[in-house]
Amino acid sequence: MAPREWARAVVGAAAGAATAVAEAVLLAVLLTVTLPLLPFLLWPAARHPLGRTLDMTVRPFVLLERSRLSTLFGIDITLRPATARPLTYLAVRCPVGLFGGLVLAFFSAGLYLVLSPLEVLDGNTFGIVPIGLGLMCLCVQGTVGLVGVERWLARRFLGPSREDLMEERIGVLAATRAGVVAAVDEERRRIERDLHDGVQQRLVLLGMALGRARRDPGSERGGALVEQAYEESRNALRDLKEVAWRVYPAALAGSGLRAALHDLVGRSSLPIDLEYGLDGACPPSVETAAYFVVAESVTNAVKHAGAGRVSVLVTEGGEGGTRSVVVRVHDDGVGGADPGGTGLAGLASRVEALDGRLAVDSPVGGPTTIRAELPCG
């Protein structure tokens with residue numbers, strides 16, 4: 001523990017000792033008041049008002065503890081209201097807080113023993129200094145342990161329970177599933193528009209040119225119409241390839257994410273600075289999501305942002321041994337991208353479906369930075 005962190009822990013322990021005294025008084029008062037009311041708990045109609053009164057009574061103390069834990073210990077806990085767990089937390093934490101005050105008292109005693117041979121206080125012999133240093137060392141270790149106990153108690157009694165986490169996870173999965181379905185439907189509609197407005201129109205022109213050429217074969221006009229039909233067939237093939245690339249790039253399936261991104265850079269009308277830092281391969285679903293994050297971001301930069309340059313960074317991330325892929329796309333456009341828009345919302349759903357996170361930073365006036373982190377276990 002760094003000296004600054006330990007100093008904050010000392011202040012937190014001192015504050016915890018003070019609040020523990022107040023909580024001990026509160027618990028004693030509650031015990032005295034509620035003991036005569038215990039028979040009324042057999043009546044179901046009385047349980048809810050009594051529980052609500054207890055919850056309102058202990059809530060200010062719990063909120064004070066949350067503030068202390070967050071400010072001095074760096075422990076952020078989300079409290080679940082209307083539960084008996086906060087009252088249990090106060091009852092269990094009270095002796096821990098009093099123990100923290102005792103630890104600090106022993107530290108003060110050890111400091112006194114270390115300084116006393118300097119004849120500033122009462123002039124003890126230097127032989128007592130090791131005892132003082134030993135007490136101070138024990139108190140430092142006790143403070144570190146106290147922070148760990150405080151963290152465990154807060155997460156055990158104030159944090160979400162296993163059932164809460166499961167409900168939250170089910171809600172996230174339901175939302176991401178609905179988002180993925182909506183994104184797939186929107187992508188299908190966009191493909192249909194591309195085929196109808198692009199490839200189909202070119203094929204119609206191709207058919208018309210060939211039909212007119214058949215009526216006038218061998219003439220100069222017929223030759224020009226055949227040439228026009230040839231050009232339209234090339235344009236139709238190009239548009240069809242573009243649609244196929246937007247559906248799923250062949251390079252991604254055949255050569256992996258690096259090759260697909262290099263092909264994307266080569267096909268873009270904007271200059272793109274690509275930095276690829278992944279050492280190994282990832283699951284196909286992760287590579288696909290990473291590719292579409294880049295592709296959609298570049299498309300937005302070209303169509304909506306008026307950007308002059310785009311930088312793409314693909315690297316490894318993750319903490320605690322969990323490998324992840326981090327994708328960062330930055331453009332120098334006008335900004336103002338809406339995270340709730342169809343394209344970005346679809347990207348967010350695709351990323352969240354893989355337990356990833358997507359963040360969009362796009363102030364009006366630019367620049368725009370889109371960052372996605374995808375687990376690659």
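In what order do the five strands of the open sheet stand? The order is E1-E2-E3-E5-E4, with mixed pairing.

The model is predicted: local features need pLDDT of at least 70, side-chain atom pairs count only at pLDDT 80 or more, and totals for chains, interfaces and linings use all residues. Residues are numbered from 1 along each chain as its sequence is written, and side-chain values use heavy atoms, without hydrogens or water.

View 1. Strands are DSSP runs of E, at least two residues, and helices are runs of H or I, at least four, numbered from the N terminus. Two strands pair if DSSP finds at least two bridges between them. E1 and E4 (357-361) each have a single partner strand, so one side of each lacks a neighbour in the sheet.

**View 2. The E3 and E5 pair.** These strands run antiparallel, joined by eight bridges. His 330 stands opposite Thr 369 in E5.

**View 3. Helix H9.** H9 has 22 residues, and 16 of them are buried (under 20% relative accessible area, 1.4 Å probe, protein chains only). Just after H9, Gly 306 takes a positive phi of about 60 degrees.

**View 4. Around Leu 257.** Beyond its neighbours within four places in sequence, Leu 257 is in contact with residues including Leu 252, Tyr 276 and Val 314 (contact: heavy atoms within 4.5 Å).

Terms used:
Buried < 20%, exposed > 50% of the residue type's maximum accessible area, 1.4 Å probe, protein only.
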